[in-house]
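Please read them with the structure open beside you.

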Amino acid sequence: MGIEIIFKLAAIGILITVICQILKKSGNDDIATLVALAGLVIALTLVISMISELFTSIKDIFDLY
């Protein structure tokens with residue numbers, strides 16, 4: 001876990017932005033909103049897994065519970 005996570009999140013953001021712009025230009029605003037929401041969910045799952053690993057490592061370091 002390192003800088004590759006930042007690159008993954010940036011790639012997801014750029015890809016979703018391009019897709020949303022294409023969909024909005026073609027008049028599919030509702031589908032663009034759904035694509036943006038799906039991108040947000042994908043990014044949040046990556047971040048939530050990282051936060052879970054962080055809390056697990058903090059718990060192991062300080063012998064909590």
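1. Ile-51, Leu-54, Phe-55, Ile-58, Ile-61, Phe-62 and Leu-64 together make a nonpolar surface patch of about 710 Å². Patches are made of residues with over 30% relative accessible area and no salt bridge, nonpolar side chains (Val, Leu, Ile, Met, Phe, Trp, Tyr) being joined within 5 Å and like charges within 9 Å; a salt bridge is a side-chain nitrogen of Lys or Arg within 4 Å of a carboxyl oxygen of Asp or Glu. Areas come from the Shrake-Rupley method with a 1.4 Å probe, and for residues only the protein chains shown count as cover.

2. This is a predicted model, in which local features need pLDDT of at least 70 and side-chain atom pairs count only at pLDDT 80 or more, whereas totals for chains, interfaces and linings use all residues. Residues are numbered from 1 along each chain as its sequence is written, and side-chain values use heavy atoms, with hydrogens and water left out.

3. Ile-58, one of the patch residues, lies in helix 2 (residues 29-61) and is partly exposed, with a relative accessible area of 32%. Ile-6, in helix 1 (residues 3-25), is exposed at 53% (buried means under 20%, exposed over 50%, partly exposed in between, with a 1.4 Å probe and protein chains only). Helices (H or I, at least four residues) and strands (E, at least two) are DSSP runs, numbered from the N terminus.

4. The protein chain has 2 helices and 0 strands, and its C-alpha atoms fill a box of roughly 55 × 25 × 5 Å along the principal axes. Buried residues make up 14% of the 65 residues.
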